[in-house]
Amino acid sequence: MLRKFSVENFKNFQGKFVFDLSKPGNYAFNTNCIRNGVVDKAAIYGINGIGKSNFGLAIFDIVNTLTDKYKLLYKYDNFLNLNSFKHYATFEYEFIFDGVILTYTYSKTNVSNLLQESLSINNKEMIYYNFEQRAGFSNFPGSESLNLNNNSPISRVKFIMETAILKDDNPYNIVLNKFRNFVNRMLLFYSLKENNFIGFKNESYLLEDIIISKGKVQDFENFLNLQGLNIRLTTIDTPEGKKIYFKYRNGLAHFLKECSTGMSSLILIYTWLLQMDECSFVYIDKFDAFYHYELSEIIINELKKFNYTQIIVTTHNTDLLNNDLMRPDCYFVLTNNKIESLNRLTEKDIRFAHNLQKMFKSGAFNNNREHAYKN
């Protein structure tokens, strides 16, 4: 699991922003939002333009650095903060695997140019490499014969994970393999009309192909009708393969060509829900951009069912701010200088009966009106 993440000098994040998931509050409700002492399900709030999307890109730069999974490199243009004199950005990740802490830190001048990187396990530095000096080391058993000090721009952590024959019975190697597996199963996607995502898969795909291949067309129809719709679906063989069609009394219409923006968002979230139990960490940006507030609650409850997938969503919907759905230590507010959970933004002892939405709108968690949602 991801315990903590920090980023500095990336896009709009000039100072050091620390996203700490390792210090949940002592709440007796919605305990399924916490796993092994780490926040497992969370929602991030923030005004338009504050950087919620960029924060997701920052977290997922590790996918660019260490994997061959699907990337959206064009979103990493203007990589550095333009108000800073620093010529590099710094990323630091702290993971926990069965009680063992793995820390991975690196700096870059752009999305593809590493300056240095370091990987530690329980505070013991196992890999270090300086790309400017072309010098470094690896302490992982099985990596001794690798030539690290060459002109390759590739991450040495990635190189070791993919090339070294690591001894399976070594505890450090076991943790490294768990780390590699976690990063390869990270997923960021946008709950908008387009099917944009980062990580998890090696290539893009068509949404309806996943539903059809898994035999879930009838289940998808039921999912849509549970949201108050009244539709019928079928599949038709076309020159491009099987496709999902609306079934009307007097004819058929291709689903993806005829569906509304809201329905298009539903097929997107439904398709990813079919695969989410295979993911390690999921970041859903603007997850409910086209949803009625009741549907947003339904989706959050669906996401909470994934017991072994860490999930973060971004939203503007303050109707979701309630203790029946999650808890104060799982709601985070991103401002122009920090990201913090609600329980750490007030001196009040928040109880289950408190109305989080009312407190949020009244500015109880931030006295600066710029960052409070008002009626």
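Cys33 is buried, at 0% relative accessibility. Buried here stands for under 20% relative accessible area, exposed for over 50%, and partly exposed for the range in between, with a 1.4 Å probe and protein chains only. The model is predicted: local features need pLDDT of at least 70, side-chain atom pairs count only at pLDDT 80 or more, and totals for chains, interfaces and linings use all residues. Residues are numbered from 1 along each chain as its sequence is written, and side-chain values use heavy atoms, with hydrogens and water left out.

Which cysteine sulfur is closest to that of Cys33? It belongs to Cys330, and the two sulfurs are 4.6 Å apart, too far for a bond. A disulfide requires a pair of cysteine sulfur atoms within 2.5 Å. Cys330 is also buried, with a relative accessible area of 0%. Its closest cysteine sulfur is in Cys33. The structure holds zero disulfides.

Now to the helices. Helices (H or I, at least four residues) and strands (E, at least two) are DSSP runs, numbered from the N terminus. Two packed helices are described by the angle between their axes and the distance between the axes. Axes are lines fitted to C-alpha atoms, for helices over the stretch in contact, and angles run from 0 to 180 degrees between N-to-C directions.

Take helix 3 (residues 156-163) and helix 4 (residues 171-184). They pack at an angle of about 105 degrees, with axes 11 Å apart. Helix 3 and helix 4 are therefore roughly perpendicular to each other. Angles of 65 to 115 degrees count as roughly perpendicular, under 35 as roughly parallel, over 145 as roughly antiparallel, and the rest as oblique. Helix 3 brings Val157, Ile160, Met161 and Glu162 to the contact, and helix 4 brings Leu176, Phe179 and Arg180. Contact means heavy atoms within 4.5 Å. The residues of this contact divide into five nonpolar, no polar and two charged. Ala, Val, Leu, Ile, Met, Phe, Trp, Tyr, Cys and Pro count as nonpolar, Asp, Glu, Lys and Arg as charged, and the others, Gly among them, as polar.

Helix 6 (residues 217-226) packs with helix 8 (residues 261-273) at an angle of about 130 degrees, and their axes are 11 Å apart. This pair is therefore oblique. The contact uses Asp219, Phe220, Phe223 and Leu224 of helix 6. From helix 8 come Met263, Leu266, Ile267, Ile269 and Tyr270. Eight of the contact residues are nonpolar, none is polar and one is charged.

Asn64 lies in helix 2 (residues 61-66). Is Asn64 buried or exposed? At 11% relative accessibility, Asn64 counts as buried. Not counting residues up to four places away in sequence, Asn64 touches Lys71, Leu73, Tyr76, Lys108 and Val111. Ser120 lies in strand 8 (residues 113-121). Ser120 is buried at 15% relative accessibility. With residues up to four places away in sequence not counted, Ser120 touches Ile101, Leu102, Thr103, Glu125 and Met126.

Phe200 sits in the loop between strand 12 (197-199) and helix 5 (207-213). Phi of Phe200 is near 70 degrees, a positive value in a residue other than glycine. Phe200 is buried, with a relative accessible area of 10%. Lys286 is in the loop between strand 16 (281-285) and helix 9 (293-303). Lys286 has a positive phi of about 55 degrees, although it is not a glycine. At 34% relative accessibility, Lys286 counts as partly exposed.

Glu240 is in the loop between strand 13 (233-238) and strand 14 (241-248). Glu240 is exposed, at 64% relative accessibility. Glu240 and Gly228 are 12 residues apart along the chain, and their C-alpha atoms are separated by 31 Å.

Thr309 lies in the loop between helix 9 and strand 17 (310-314). Thr309 is buried, with a relative accessible area of 1%. Thr309 and Cys279 are 30 residues apart along the chain, and 6.0 Å separates their C-alpha atoms. What does Thr309 contact, leaving aside its neighbours within four places in sequence? The partners are Arg35, Asp40, Lys41, Met276, Asp277, Cys279, Ser280, Phe281 and Val282.
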